[in-house]
Amino acid sequence: MARLQPLPPSTTPELKPHFDFFLGTLGFTPNSVLTMQRKPKLAQALAVMNAAVMDPDGEVDLGFRRLVGHVVSKVSGCLYCQAHTLLGAKNFGVSDAKLADVWTYASSPHYSAKERLALDFALAASSQPNAVTDAQFVELQQHWNDGEIVELLGVVAMFAFLNRWNDTMATPLEAVPTALAQDALGAQGWNAGKHGA
């Protein structure tokens with residue numbers, strides 16, 4: 001059960017342009033942002049950061065960036081963000097097979113060696129304490145350029161914030177990401193947990 005209920009988008013009209021960003025990427029304004037709008041500057045800052053981290057002009061594929069966010073969210077245990085990142089990845093062209101294998105990316109034929117290195121990096125960077133090694137970073141640099149690495153780490157850092165926010169608030173999951181996550185990963189044990197209705 002949500003610890004704070006999301007407020008209607010009309011509560012803070014000045015945030016509409018930021019809410020519209022999420023309409024374009026997810027098809028709805030997330031309950032996380034609707035809860036956060038109690039402090040409009042915080043919701044605005046998140047929307048600006050999200051727009052920068054998920055910039056369509058970036059070098060890393062938009063769908064893959066969402067998969068990076070999913071791995072980060074899996075490490076932290078945030079079921080809300082796991083569902084959202086799957087939906088975002090699907091919306092940006094990631095195949096159902098790749099979504100279903102995201103938890104087993106290390107052995108999946110649907111992931112390239114380059115993608116595995118990036119997801120290993122996300123896993124290590126989101127661990128507590130941070131588990132990125134110098135050797136891992138050097139190997140990453142052999143396949144990803146510096147700008148791409150900054151984009152990948154931007155995703156890791158943003159989801160670290162979102163994971164803590166949504167797990168602490170027990171943000172209620174919306175129907176569309178819940179259904180997608182259940183279809184993609186339900187057989188592997190995914191469920192909405194405290195974020196369910």
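Mentor: H4 passes H5 in a left-handed crossing, a term used when the near helix is turned anticlockwise from the far one by less than a right angle, clockwise being right-handed. This is a predicted model, in which local features need pLDDT of at least 70 and side-chain atom pairs count only at pLDDT 80 or more, while totals for chains, interfaces and linings use all residues. Residues are numbered from 1 along each chain as its sequence is written, and side-chain values use heavy atoms, with hydrogens and water left out.

Trainee: At what angle do H4 and H5 pack?

Mentor: Helices are DSSP runs of H or I with at least four residues, numbered from the N terminus, and angles run from 0 to 180 degrees between N-to-C directions of axes fitted to C-alpha atoms over the stretch in contact. Here H4 and H5 (residues 79–91) pack at about 165°, with axes 8 Å apart. H4 is therefore roughly antiparallel to H5, the word for angles over 145 degrees.

Trainee: Which residues of H4 and H5 make the contact?

Mentor: Contact means heavy atoms within 4.5 Å. H4 brings Gly63, Arg66, Leu67, Gly69, His70, Ser73 and Lys74, and H5 brings Cys81, Gln82, Thr85, Leu86, Gly88 and Ala89. These residues divide into 4 nonpolar, 7 polar and 2 charged, where Ala, Val, Leu, Ile, Met, Phe, Trp, Tyr, Cys and Pro count as nonpolar, Asp, Glu, Lys and Arg as charged, and the others, Gly among them, as polar.

Trainee: How many cavities of 30 Å³ or more does a search of the whole structure find?

Mentor: Rolling a probe the size of a water molecule over the atoms shows where empty space is left. On a 1 Å grid over the protein atoms alone, a cavity is a set of points where a 1.4 Å probe fits but cannot get out, a pocket is an open set with protein on both sides within 12 Å along at least five of seven lines, and lining residues have an atom within 4 Å of a point. The search finds 1 cavity, and the largest cavity has a volume of about 220 Å³, the space filled by probe spheres set on points joined across faces, edges and corners. Among its 19 lining residues, Phe22, Leu26, Asn50, His84 and Phe159 lie nearest its centre, and H5 gives the largest share of the lining, 5 residues.

Trainee: Which element gives the largest share of the lining of the largest pocket?

Mentor: The largest pocket has a volume of about 190 Å³, and H9 gives the largest share of its lining, 5 residues. The lining divides into 5 nonpolar, 5 polar and 2 charged residues.

Note on methods
Helices (H or I, at least four residues) and strands (E, at least two) are DSSP runs, numbered from the N terminus. Angles under 35 degrees count as roughly parallel, over 145 as roughly antiparallel, 65 to 115 as roughly perpendicular and the rest as oblique.
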